[in-house]
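User: I'm new to reading protein structures. Could you walk me through a few features, one at a time?

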Amino acid sequence: MTTKHFACKADEVPQDMAKIVTVSNMPIGVFRLEDGFHALLNICPHKGAALCEGPVCGTTKQTGATEFVYDRAGEIVRCAWHGWEFDIRSGEFLVDPAVKTRRFDISVEGGDLYVHI
Amino acid sequence: MFIVDCDCHNYWCSATVLEPYMEGLFKDMFIRGERTGPRGAFPHGHRPWFHPEGFARHDVNPVEEGDNYLIMKEKHLDKYNIDVAILTGDEPIEASTLANPYYANALCKAYNDYMIDYWLPKDDRFWGSIVVAPQDPHLAAAEIRRAGGHPRVVQVLVSHGASRPYGDPFYHPIYEACAEMGLPFAMHLGGQGGINSTPIGAGPSTFFWETHAILPQTAMTHMASLIANGVFEKWPSLKVVVIECGVAWVPSVLWRLDANYKALRKETPWLKRLPSEYFKDHFRFSTQPLEQPENIQHLWAALEAMDGENTLMFASDYPHWDYDDVNKLHVPPAWREKIFGLNALDVYTRLPRAAAQAAE
């Protein structure tokens, strides 16, 4: 059973970084991607740092060759402190998907964004 | 709990803050001379490894010089109730990479004056490290005697990247001065490149993260060298602080040193005790970054083998990319008070003990 909480106005979320909000006493980063808005808990499962305040960027694709295929631009957030890379859509840590930060459903009503907790 | 952060980096937005503290030839060199980085960078022989994301935390973004302190205060000192922050500068330890020891020394002097002038008065929690350029130990010793008398200076700081191992008699004037001034000698990870030997025994490694992980190699060399060359017999009061070089390797090197010394004591007849005994009395290691094994017991076994309860001191490395949060230090609970603050009081003897008692 989730409850809908107002997060922020949609136009407050920049393209290339998270909008940090506090909802239901939780720090949450709201991201704008091409397919819409996404929300992650702003706490890194590694050491509790402000995960969503890190750079939104891409990463290199895993490959069997010595090559640097830059991939997924804008879909990854690196934790502000130690640089662990997380998938913005799933909250999963790229090195070990079993490690993840909590993600939240998000809905848009008019110009308002709501996080479902 | 009384918390001493033994590695708190005071940043600047631009090294031009040193201009007022320089004069003559070296001021000209500083203003118009060739630089390794963009304008505003500190001159140094640059390391071969580049951090692909930069060194600072991405939630620390100073715009004006004043922001450096304000952000540190908000995001670190106040947030975690740090009682004492030992300022460790940042770029200045890279002065050790310059071939010109006179310029390197002038840069260190300017930094020390700037640090004492600009940083120490900002906050009662600040205590300073003076930086010296060890490539000329006599100039370094003179600087220790010049700036080391300031009552809020608590240690002498160099990079762990060096031209030769720190126990070498070449460096002994530095320890003479440290002992005279009652200051510990600290080495912080850094200072690779320029005239300094590669920290990697087999030749340069390739990637930044790979290199950062194996930088303890250099600290191993310095630790063995300081012990073997009898530095602690010559200066029995001297303490050496090793900052940001990892710790879990320490027991294995001590085991090897003790075993080899037992077999070949005759090579170093000036030593009176086992290497591990010198270690316990004279070396202190900063926690950051503590190794992170899957099974924390594996780390704790290593810490126990190096008498970590007494040899470790808490450090955050604010605001660097491998910053350690006060609340996430994985050490045995019974050791916390010592590691977080009390051990530091024994090393940094200028810190007032009353502050610790008040915090209890």
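User: At the start of helix 3 of chain B, which backbone nitrogen does a side-chain oxygen of Asn100(B) reach?

Analyst: A quick note before that: this is a predicted model, where local features need pLDDT of at least 70, side-chain atom pairs count only at pLDDT 80 or more, and totals for chains, interfaces and linings use all residues. Residues are numbered from 1 along each chain as its sequence is written, chains are lettered from A and ligands numbered from 1 in the order written, and side-chain values use heavy atoms, leaving out hydrogens and water. Helices (H or I, at least four residues) and strands (E, at least two) are DSSP runs, numbered from the N terminus. Here, the oxygen of Asn100(B) comes to within 2.9 Å of the backbone nitrogen of Tyr102(B).

User: Is helix 3 of chain B largely enclosed or open?

Analyst: Buried means under 20% relative accessible area, exposed over 50%, and partly exposed in between (1.4 Å probe, protein chains only). In helix 3 of chain B, 14 of the 19 residues are buried, so the rest of the structure largely encloses it.

User: And how do I read a strand? Which residues of strand 5 of chain B lie on each side?

Analyst: In a regular strand, side chains alternate between the two faces of the sheet. In strand 5 (residues 185–188) of chain B, Phe185(B) and Met187(B) take one side, Ala186(B) and His188(B) the other, and all are buried.

User: In what sense do strand 5 and strand 6 of chain B pair?

Analyst: Two strands pair if DSSP finds at least two bridges between them. Strand 5 and strand 6 (residues 240–243) of chain B pair in the parallel sense, over 4 bridges. In strand 6 of chain B, Ile243(B) is the bridge partner of His188(B).

Methods. Polar contact = N/O pair within 3.5 Å; in protein donor to acceptor, adjacent residues only side chain to side chain.
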